[in-house]
Amino acid sequence: MNNNFKTQITHFAKTVSTLAASVALAASISSGVQAQSSAKATPAVPMAKFQAPGFYRMMLGSFEITVLSDGTATRHVDEIMSKPEAVRAAYAHHHEELPVELSINTFLINTGKQLLLVDTGAGELFGDAGDGKGSSNRLVANLRAAGYQPEQIDAVLLTHIHGDHSGGLSIGGKRVFPNADVYVDKNDASYWLSQANANAAPAARQLTFTQSRATVNPYADAGRLKTFSGAQELFAGVSSIPSYGHTPGHTAYLISSQGKQLLLWGDVIHAGAAQFKDPGITIAYDFDAVAAVTSRQYLLQLAADKGYLVGSAHISFPGLGHIGRSSAGYEWLTAPYQIKGTY
Ligand SMILES: [Zn+2]
C-alpha cells in the first residue's frame, strides 16, 4: 500500500462519514419539519389586493403630461349602445366579458407656466369614498402619488359636464381645486346649470342636472367658472375644438408644444372595442346622437390625417394612442409604454 493509495482510502472514509452525517442531518431536518408542520401550518402569504397608483407620465415637447386615473366604471355597454349585437361581438373578440370596466382617465398638463387638468373623473358620484377601496374617486390620491397637490392646479378644462368628467370638481359640496378656474364651453354651462332646462328635460337626465349643479356651482359661486364659445386658444399651446353632440358644448382640446400634439377628445369614444370599427354606434347618454356621430367622424378623421397622439377618457388606462384607418373604419393603435420619455 503506497502512501498515495492510503491517502485515497482515508479520503474515501472521510467522504463516507461526511455523507452519513449529511443523511442523518437531512433526516433530522425532515422529521423536524414534519413535527413542526403537524404542530402549526406554515401561514400563507396574504394577497395584497390593491392596484398600482394610476398615473402615467410622458413629455410632449416641453410640456409634461401626466395621465391620472380616476379608476373605472362598470358598464353593460351592450345595453346602452345603439347596436347591441355588434357591441357584444366586438367585446367577445377582445376577450372582454360584459359588463366591462371602462377606464376613467384625466390629463394633467404642466406647461412650465401653468398646471392644467383636463376633466376630473367622477368624484364621489359613483358612491366611492376615495379610500382606494372602490373602483372610482381615485383622482386626488393619484394626483398626489404623481407628485402634485390639488391646490396647485391653476385651471380645470372640462371636455363636457357629465358626472364622470366634472363630478370630481367638488366633493361634499367643497371645491377640490380651490385655486383653479374651471373652463367649459358656454353651451354646456348654460344647459346643465339651468333650472328651466332641468324642468323641461326628460326624467333620465334629471340626475345629471342635479349632479352638475352640486359639483360645478361651487366654482360659479366663487367666481371661478369661465365659459368660452367654440374654437379658442385658451392658454399658450392649449386650444378648444368644438365637438358638440354628446352634450350641447362637448369640446376636445388640442395640446401643442414644440411641434408635438396631443388631442384630448373627451367622450368621442366610449366603447373602444366597437366604435372605431363603426363610428355610427351611439350611446344612450348622447344629447344629440346624430351630431355626436358627426363630431366623432370629424375628430377620427382629423387625428388620423394629422397623426395626432390621442388621449381618450374611457379607453383602458392610460388611454394614449394613435388613430389608424382600416377597411372597416378606424383602429386604435396603442401608444408604447415608455420610461425614458419622461426625462
Ligand atoms: Zn359623457
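Is Glu85 buried or exposed in this predicted model? Glu85 is exposed, its relative accessible area being 56%.

**View 1. Asp78, Glu85 and Arg88 are linked in a network of salt bridges.** Glu85 and Arg88 form a salt bridge whose closest N and O atoms are 2.8 Å apart. These two residues are three positions apart in helix α3, so about one helical turn separates them. Arg88 also meets the side chain of Asp78 in a salt bridge, at 2.8 Å from N to O. Asp78 belongs to helix α2 (residues 77-80) and Arg88 to helix α3 (residues 84-93), so this pair ties together parts that are ten residues apart in sequence. Asp78 has a relative accessible area of 10% and is therefore buried, whereas Arg88, at 35% relative accessibility, counts as partly exposed.

**View 2. Asp181 and Arg224 meet through their side chains in a salt bridge.** The N to O distance is 3.1 Å. The pair links distant parts of the chain, 43 residues apart: Asp181 lies in strand β8 (residues 181-185), and Arg224 lies in the loop between α8 (206-221) and β9 (225-228). Asp181 counts as buried because its relative accessibility is 17%, below the 20% cut-off. Arg224 counts as partly exposed, at 23% relative accessibility. In the model as a whole, the count comes to six salt bridges.

**View 3. Strands β3 and β4 form a hairpin.** Strand β3 (residues 100-110) and β4 run antiparallel and are joined by four bridges. Within this pairing, Ile109 stands opposite Leu116 in β4. Four residues lie between the two strands, and Gly112 in the turn has a positive phi of about 95 degrees.

**View 4. The side chains of strand β4 (residues 115-118) point two ways, and all are buried.** Leu115 and Leu117 point one way from the strand, while Leu116 and Val118 point the other way. In a regular strand, side chains alternate between the two faces of the sheet.

**View 5. Strand β4, helix α4 and strand β5 make a right-handed β-α-β unit.** Helix α4 comprises residues 139-145, and strand β5 comprises residues 155-157. The strands β4 and β5 pair in the parallel sense over three bridges. In this pairing, Val118 stands opposite Leu157 in β5.

Key
Residues numbered from 1 in each chain as written. Predicted model: local features only at pLDDT ≥ 70, side-chain atom pairs only at ≥ 80, totals over all residues. Heavy atoms only, no water. Buried < 20%, exposed > 50% of the residue type's maximum accessible area, 1.4 Å probe, protein only. Pairing = 2+ DSSP bridges. Right-handed = clockwise from strand over helix to strand, strands pointing away. Salt bridge = Lys/Arg side-chain N within 4 Å of Asp/Glu carboxyl O.
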